[in-house]
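The tour goes stop by stop.

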Amino acid sequence: MNLFNVGIDVGGTHVSCALVNRDTGKLLPESLQVADIDSNGSATQILDVLAGILAKLPTASGNIAGIGIAMPGPFDYIRGISKITGVNKFDRIFGLHLRQFIRGHIPVEYPITFINDASAYACGEYVAGAAKGSTRSIVLTFGTGFGSTFLLDGEILPGGAEGVPEGGFLYNIPYGDSIADDSFATRWFVGEWQKRTGHSISDVKEIADLARTGNQTASDIFNRFADNLAEFIAPWIERFRPDRIVLGGNISKAADLFFDRLVWGIGSNPLFRVSELWDEAPIIGAALSVPAEPNNDTPLRKTEQYLAPAKTAPTPEGVYDIYPGFPIGSGQIMPGAEALADWLAEYPRVVIEGYTGVFWDKLIASIDRQLRKQNKRVRWFHVDAALLPEADIKHLIQPSLGDPDDIFGKITDKKLSDWFDSEKLRQLQPDPGADINILVGAGSSLAGWDAPLVYVDVPKNELQFRMRAHAVTNLGMETYADDRQMYKQSYFVDWRVLNQHKCGLLPRIDLIVDEQRPDAYLSMSGENLRRGLAAMGRNFFRVRPWFEPGAWGGQWMKAHFTGLNTEVTNLAWSFELMVLENGLMFESDGYRLEVSFDFLMYQSHREVLGDGAARFGYEFPIRFDFLDTFDGGNLSVQCHPRPDYIKEQFGMPFTQDETYYILDCEEDADVYLGFQEGVDAADFHHQLIRSQTENVALDVARYVQKFKAEKHALYLIPNGTIHASGKNNLVLEISSAPYIFTFKMYDWLRLDLDGRPRPINIEHGMRNVYFDRQGDRIQREFISKPYVLAETDGYVLEHLPTHPDHFYDIHRYSFHEQIAVETTNKCHVWMLVEGKSVWVETEDGMKQRFNFAETFVIPAAAKAYTITNESNGRVLMVKAFLKD
């Protein structure tokens, strides 16, 4: 059975469509359809022509393998989004998601590819026309626009290849007072005729007909065209050295009027030819751009951890819950794309904002499918069409990224609007002929549409899993970076910019969507989102933790926490409470809708932080996480930046001051902390460099003290202190929040789990470590000495003093039945470190169970609350809070 691809050529005056044999490249003549199109018409007029063409596709769809579409540029050929603007055609579909429109008008989900019209023309001519058999060829097309394609053995060469202009095209190369597109397209001929005669004329064919009948003005125009083209193209011929140059497009049908003069003007001898296929060339080239075997197996996430279920129940007493939900009442969360579509169908236009990393095309396809069932004429526009060129964005953010070999950057001071061309944002206009116009993408609210606002959120863990799979890119980037560089740009640039933007949108959000499950969206109203956040800010909350393997990783969490993938090699850490990384789950009827933790801080930071809000603003200052080295390895020998250094170098307002609370340990477990008495800084520095450059093991104990780890002991690690956890510990790390600023100075010569060396930051570390923290001073000042603050028949309250550099303090409670606590306008961060579970009840009357090893927060605005022991026997709980 012959297999055919559909080839569609969308030109400035007509659309052509035909079946092309996939094996032979031959066009099936009886399948050819041609329809006139007004490229300056409305979006509906343009799309109706395309819909009419698509409706005439052969009904024997079993013979069709895919659809290829030739489109003029600029255009997002990967995603199928029009970027055409300012070239006097197709302005009304600027930003339109053309792939989704076409998908909605074909009976089968064929693979759909887009290709530049000039490139499609060139490929068609190479397969069966004037470029056939060439090695190095340039195919030039002249029509409503000026197209160019550089081929090597039939393969389209990318921009920047040897002899090829940046971008791969010549149309935007400066020429005369403008660019080449203004000198070698129909509008130049029409304008030149008007200038010379004072009369208007409709197209080039009329001028050509006049030239052939002896009209000198018309002949002079073609002579001028030949001279200009020879002058413009000669340097590119010299650079690329083609063995074939093919002239195509409608203007080239008048080649008899300029061909000889052009060849003479070049003064070299490349083999010029005129198109043989003409209008069939782009149809053939487009059809053959569809891959024979589309790759549908690209992973969407790279991790061994499970995707969070859309619906789950709380764990039983004493069992750590990896999907904690905050109750907001029944019927508040809507599951599925159908519910989203029903909500959107109520409005003539909608803006769907969101975070980087959202699978926009999947979201669009899912909702569009449901809206089409309601017979809605939908126009999807994507704000990415208004982004600045990638090169401009890279220049914009370069000061924040610094040296590409350094894992650290500096917090950006940019705003999301800096990523966009403001004029192009204004050109994103709804189509009056549609039932619903929807503008999507991060930054879509900047276009100024008067419309309801939907916000699509994706948890940071899933975002990072998608980044590692190269399923998403950084903000404004079309190309993928190394996953470490992607994270660096995200941390220092993307997340900061998008979070600032999201903060301003929160009061306006009409609908919030949790997008982490592309086949099971969850949504709820913006009113319920804000109401739920307000309730959290007065009562309690627990963020959704997430877990990662690592080079030192252990086995404790795998053995003690249910619901995790225990087939992973290890689990190195759990992100228990980090404002930039964690999410909050709202629960209704068992559904778990997750939003980012920062939403709570944007709405209720004063309620959450109380008297700490003035200093920390939207930043939640205290971090809890687990470091698991059970049956694993030592952490790297490291330190954290001093306050002035982190501010000046990285733009962070406060630094990373840590403590290690030993939740569990084996008998042989140690903690590395502080220098040995009399350590020589220069020798230490020299040996670190030698270890790094010569791959020689460092005798760590010669330089760094090692203390036996004791369960429930607290080790103090203010900034600038050399430290590491030894193996066979489960460390509850209680610290301040800037968590990535760890200067690894020695890492035991090991590789990361991906087989790459872990980044070592010897020079950063040497500029920050305090060498006077050594000898007996460490035992006296850097290992907390608990003492009793209060003791009754019901409880014992201990103070675990932190270092003077720490801005937070730690209390520990031991009790059998119940304690009553007042916040005194401070935020309290708790963990049950011994026992099964407790119940917390707030002054508002809300009640929640928290289990062993779960981190939970009581906001300052809760004022007073009780904690009731649900375990048999005594429980032990630690509480972290800001110092006065």
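A residue is called buried under 20% relative accessible area, exposed over 50% and partly exposed in between, with a 1.4 Å probe and protein chains only. This is a predicted model: local features need pLDDT of at least 70, side-chain atom pairs count only at pLDDT 80 or more, and totals for chains, interfaces and linings use all residues. Residues are numbered from 1 along each chain as its sequence is written, and side-chain values use heavy atoms, with hydrogens and water left out.

**Stop 1: two loops**

Select Thr824. Thr824 is exposed, at a relative accessible area of 56%. Its phi is positive, about 45 degrees, although Thr824 is not a glycine. The loop around Thr824 runs between β39 (818–822) and β40 (828–834). Helices (H or I, at least four residues) and strands (E, at least two) are DSSP runs, numbered from the N terminus.

Now go to Asn375. Asn375 lies in the loop between α10 (360–373) and β18 (378–382). Its phi is also positive, near 60 degrees, in a residue other than glycine. Asn375 counts as exposed, with 69% relative accessibility.

**Stop 2: a cis bond**

Select Gly73 and Pro74. The peptide bond that joins them is cis, with omega about 0 degrees. Pro74 sits in the loop between β4 (64–71) and β5 (75–76).

**Stop 3: helix α19**

Select residues 643–650, helix α19. Which residues of α19 are buried? They are Tyr645, Ile646 and Phe650. Look down the axis of α19: its buried residues fall within an arc of 95 degrees, so they line one face of the helix. The arc is that of the directions from the helix axis to the C-beta atoms. On the other side of α19, Asp644, Lys647 and Glu648 are exposed.

Just after α19, Gly651 has a positive phi of about 80 degrees.

**Stop 4: a pocket**

Finish at the second largest pocket, with a volume of about 1,500 Å³. A pocket is an open set of points on a 1 Å grid over the protein atoms alone, where a 1.4 Å probe fits, with protein on both sides within 12 Å along at least five of seven lines; lining residues have an atom within 4 Å of a point. The volume is the space filled by probe spheres set on the points.

Select Arg468, Glu548, Trp573, Asp752 and Arg758, the closest to the pocket centre of the 50 lining residues. Then colour α14, which gives the most to this lining, with 6 residues.
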